Amino acid sequence: MTRYASLEGFDLIGDVHGCGATLASLLEKLGYHRRGGVYRHPRRRAIFLGDLIDRGPRIRLAVNIVRRMVEEGEAEIVMGNHEYNALAYCQRAPSRLGREWLREHTPRHNRIIKETLEQYRDHPAEWDDALAWFREIPLLLELPGLRVVHACWDQPLIDALRREHPDGRIDSAFLEASVEHGTFAWQVMDRLTRGTHIPLPEGVTIHSGDGFTRRSFRAHFWARNPRTWGDVVFQPDNLPDDLESRPLTDRERAYLSHYGADEPPLFIGHYWCEGIPSLPARNVACLDYSAVKFGRLVAYRWSGESRLNADHFVWVRVPQEETARPRPWEIDFD
Ligand SMILES: [Mn+2]
């Protein structure tokens with residue numbers, strides 16, 4: 001990408017989830033300054049890993065900051081499962097599906113998008129614009145020396161996606177097909193934006209810190225030769241009982257993706273890590289440190305290295321209720 005040839009590097013930024021004031025703090029800490037309503041850095045660009053919306057107190061601010069940066073060429077972004085969910089939630093379903101919306105308005109789905117819809121309630125045109133912008137967000141980015149996806153880089157699926165959608169962007173037909181289990185579009189959206197999950201045994205559930213009950217666990221994709229569930233689990237909640245030592249079945253192993261240690265550095269979000277940022281593999285960095293649960297909003301300053309370095313993480317701790325007082329322009333960001 002010649003337009004990036006003169007850059008010093010990229011700052012990859014994890015899941016913001018509506019922590020807009022914290023995002024502004026992180027950008028300032030990284031040396032970005034707001035000029036003409038847009039955060040800019042003289043020698044660097046930002047890359048957002050998706051999941052700007054839902055849960056947090058300043059969702060519009062988060063979307064507006066990032067959207068302006070992207071539109072001004074100061075940043076790139078990949079789509080998170082929350083942007084994808086919002087698109088499907090707000091899109092009427094074709095009659096053959098026998099329901100009203102592409103993503104059904106179940107109590108669980110309503111709860112996930114609740115804060116976003118509330119914060120945009122008095123700004124319907126702005127929400128329509130945000131949705132139109134979400135549609136343009138690619139599912140993945142591959143730049144010289146680095147790769148970016150929200151949850152899971154699955155090369156065979158990405159190769160197949162690129163044959164139809166070379167720039168990694170989806171269209172209405174793809175979005176519509178993606179809500180039908182088992183379609184190619186469903187596989188792509190599920191794996192790239194949600195990653196892999198292995199169902200728990202019948203009757204076993206995990207009561208997660210976010211208040212949801214889960215019947216599966218999140219599995220990662222960088223173990224070279226995983227043998228047990230414990231080798232691939234990647235979430236803050238422990239597996240119940242002795243399930244860590246439970247062997248992966250052949251079917252589970254075949255279902256999982258694998259990202260080799262010799263592949264380019266890959267940046268992901270999505271997985272709700274906790275504590276001090278660390279690298280799960282030398283070429284994989286996860287930047288979701290539960291910002292919205294008063295964890296950290298985390299960036300990785302990448303300057304071309306092929307082996308990642310945990311010293312290159314930069315973060316801002318998220319205060320309870322994002323108590324950092326918003327500045328006037330944050331409230332009136334229209
Ligand atoms: Mn996510």
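This is a predicted model: local features need pLDDT of at least 70, side-chain atom pairs count only at pLDDT 80 or more; totals for chains, interfaces and linings use all residues.
Residues are numbered from 1 along each chain as its sequence is written, and side-chain values use heavy atoms, with hydrogens and water left out.

**Domains**

- The protein chain is split into domain 1 (2-150 + 265-331) and domain 2 (196-256), with bounds that come from an automatic or database domain assignment.
- Taken over C-alpha atoms, the centres of domain 1 and domain 2 are 26 Å apart.
- Contact, meaning heavy atoms within 4.5 Å, links 14 residues of domain 1 with eleven residues of domain 2.

**Cavities**

- On a 1 Å grid over the protein atoms alone, a cavity is a set of points where a 1.4 Å probe fits but cannot get out, and lining residues have an atom within 4 Å of a point.
- Grid points are joined across faces, edges and corners, and a volume is the space filled by probe spheres set on the points.
- Searching the whole structure gives two cavities of 30 Å³ or more.
- The largest cavity holds about 40 Å³ of space, and its lining has three nonpolar, two polar and three charged residues.
- In these classes, Ala, Val, Leu, Ile, Met, Phe, Trp, Tyr, Cys and Pro count as nonpolar, Asp, Glu, Lys and Arg as charged, and the others, Gly among them, as polar.
- The second largest cavity, of about 30 Å³, is lined by Asp54, His82, Asn85, Ala86, Tyr89, Arg103, His109, Ile112 and Ile113.
- Helix α3 provides the largest share of the lining of the second largest cavity, four residues.

**The largest pocket**

- A pocket is an open set of grid points with protein on both sides within 12 Å along at least five of seven lines.
- The largest pocket contains about 1000 Å³ of space.
- Its lining has 39 residues, and Arg103, Arg108, Asp190, Arg194 and His197 are the closest to its centre.
- At least two lining residues come from each of α3 (81-89), α4 (107-120), α8 (184-194), β10 (213-214) and β11 (216-219); helices (H or I, at least four residues) and strands (E, at least two) are DSSP runs, numbered from the N terminus.
- By class, this lining has ten nonpolar, 14 polar and 15 charged residues.
- The largest pocket lies between domain 1 and domain 2, because both give residues to its lining.

**Nonpolar cores**

- A nonpolar core is a set of buried Ala, Val, Leu, Ile, Met, Phe, Trp, Tyr and Cys residues joined through side-chain atoms within 4.5 Å; buried means under 20% relative accessible area, exposed over 50% and partly exposed in between (1.4 Å probe, protein chains only).
- The largest nonpolar core has 96 residues, of which Met69, Phe134 and Phe267 touch the most other members.
- Helix α2 (residues 59-71) gives this core its largest share, seven residues.
- Domain 1 and domain 2 both contribute residues, so this core lies between them.
- Another core lies apart from it, with 13 residues that include Leu200, Ile206, Trp229 and Val232.

**A closer look at Ile53**

- Ile53 sits in the loop between β4 (44-48) and α2, and is buried, with a relative accessible area of 0%.
- Beyond its neighbours within four places in sequence, Ile53 is in contact with residues including His17, His82, Ala86 and Phe134.
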